[in-house]
Amino acid sequence: MMETNCWALLGVAPTEDQEIIQAAYRQRLPDFHPESDPEGFKRLRAAYDEARRWAEKPVISRSLWNQNNVTESEQRISVINNESDSEEDEDDDDDEFIDEDYPAIQRLLSEFDELLVNPTERYQPESWHRFIYHLDQYSVTIVDRLRWPLLGRVHQGAALSANCVRLLAERLQWRKRLDEISLQAAADMDAFLNHIYREDMFDFSLLSSMSLPAQVETVVYFHHARQLYWEQPAAALRRWLLMPVAIFWPDCQQLLQQMARWFSLAEIPSPWLRDLCQAKLAESPRDADWLYLCARHANLLGDGEQAIAHWMALYQLDQHAEAEQGMLSWCRREQPEMLPLLIQALDRPSYPADTSMEIDDDEQQYLRPTQSIQTQVRWGNASQLTFSPQGEALVKWKSGAHRLESMYPHLLNNRGENEIDRLYWHASMLALGNEALLQDILDEPQPDSPLAA
């Protein structure tokens, strides 16, 4: 039986632990290289897929969908009744189902099996449309008898295209007719159908020139990476992406953008992905996604100046929260003396709401904006760091530890001889100055440094 042979081929006892199954598969790969032993690799891959399905859906894998041990007629009965029939019942069922339609059913099943293993056709929607057209030439009775065996085949198929399978699902109305099979089988098949109603992560037809084992390995690799990205800690994704393996990466923008996100989350430096993001950003300078990815990859490669420029552009575009954190982290690491200034620059103060007071009312002068809670937390964290005397005074003043008077000695001694002194003077005057002073500050030329600006 296939479920027994798969464990023998993998060299492990039956288990529901996916990590053990995967480790066994990787350990056996050198013995069945896709190029030197393609047939052996195909058997190993089939054993791996069967073991994973057995672990994930033991009821389906053990009793409902074992294509190697159940005939088409028996499979239909097993799916609908979800029970094992006696030998006498099987004979009766054979009498019922193996009739004049049986040869046509077998021809269609064989044609479909050939489609599933044909590397040049299996990812082409036109090929699936062609099979559906052939299916439509037969009677309703034959199509009805094929409905569940075909679902069983795509359920067991290795690395199929959801976009292609969905064409057959719509024609055979699998989801609408799940009440025809057992509750357990319906539950499992409903989960499978949910999967095929999601779009493929990239255009699988780009793999049509590759061999079947290479196609399967490529699709499985990227599907697993996507699963790790959404469901597992970043460390698991990092281990997977750093694993030494030869994989074809299709030239597909949809996939490349996902890969840029994967490597960003896994914190793996990649110059060519950085260059890709830069090229895409040049095409769409105000695209927040590409700005974010450019900043992340520049930061991973140690290009701090480029990273801070992208973070600032992203912040100015939509006050992106990741941009704020990116700027603060970079500033704390590269230019800590600028950190208090950046905290104040990122503050979005809230104003007291009093609609009953006229805008020119004298009491308006007592309504002052308050710092956001996030800014207050940042001042609290900054108070644990070491700065110059004027930086420390600004932090203590803004965090409420000292009164404004603690800034006076630094303001009086500030001659504005360097850029950072002028910025600290501005930071204080913006809270204290009159309109003329504020206009003088605005009239000054923008500094060359993005952070200073």
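Biologist: Which helices are included in what covers the buried residues of α10?

Modeller: This is a predicted model, where local features need pLDDT of at least 70, side-chain atom pairs count only at pLDDT 80 or more, and totals for chains, interfaces and linings use all residues. Residues are numbered from 1 along each chain as its sequence is written, and side-chain values use heavy atoms, with hydrogens and water left out. Helices here are DSSP runs of H or I with at least four residues, numbered from the N terminus, and contact means heavy atoms within 4.5 Å. On that basis, the cover of the buried residues of α10 includes α7 (102-117), α8 (125-135), α9 (140-156) and α11 (183-196).

Biologist: And which residues of α10 are buried?

Modeller: Buried means under 20% relative accessible area, exposed over 50%, and partly exposed in between, with a 1.4 Å probe and protein chains only. Within α10, which spans residues 162-172, the buried ones are Ala-162, Cys-164, Val-165, Arg-166, Leu-168, Ala-169 and Leu-172.

Biologist: Nice! At the start of α10, a side-chain oxygen of which residue reaches the backbone nitrogen of Asn-163?

Modeller: A polar contact is a pair of N or O atoms within 3.5 Å, where one must be able to donate a hydrogen and the other to accept it, and residues adjacent in sequence count only if both atoms are side-chain atoms. Here the oxygen comes to within 3.3 Å of that nitrogen, and it belongs to Ser-161.

Biologist: Now Glu-267: why does it count as partly exposed?

Modeller: Glu-267 lies in the loop between α14 (253-265) and α15 (271-283). Its phi is positive, about 55°, although it is not a glycine. It counts as partly exposed because its relative accessibility is 48%.

Biologist: Which residues does Trp-249 touch, leaving out those up to four places away in sequence?

Modeller: Trp-249 sits in the loop between α13 (234-242) and α14, and is partly exposed at 31% relative accessible area. Its C-alpha is 9.6 Å from that of Met-259, 10 residues away in sequence. The residues touched are Tyr-221, Phe-222, Met-259, Phe-263 and Trp-272.

Biologist: Last one: how many aromatic pairs does a search of the whole structure find?

Modeller: Rings of Phe, Tyr and Trp (its six-membered ring) pair if their centres lie within 6.5 Å; planes under 30 degrees apart count as stacked, over 60 as edge-to-face and the rest as tilted. The whole-structure search gives 13.

How values were computed: Helix = DSSP H or I, 4+ residues; strand = E, 2+ residues; numbered from the N terminus.
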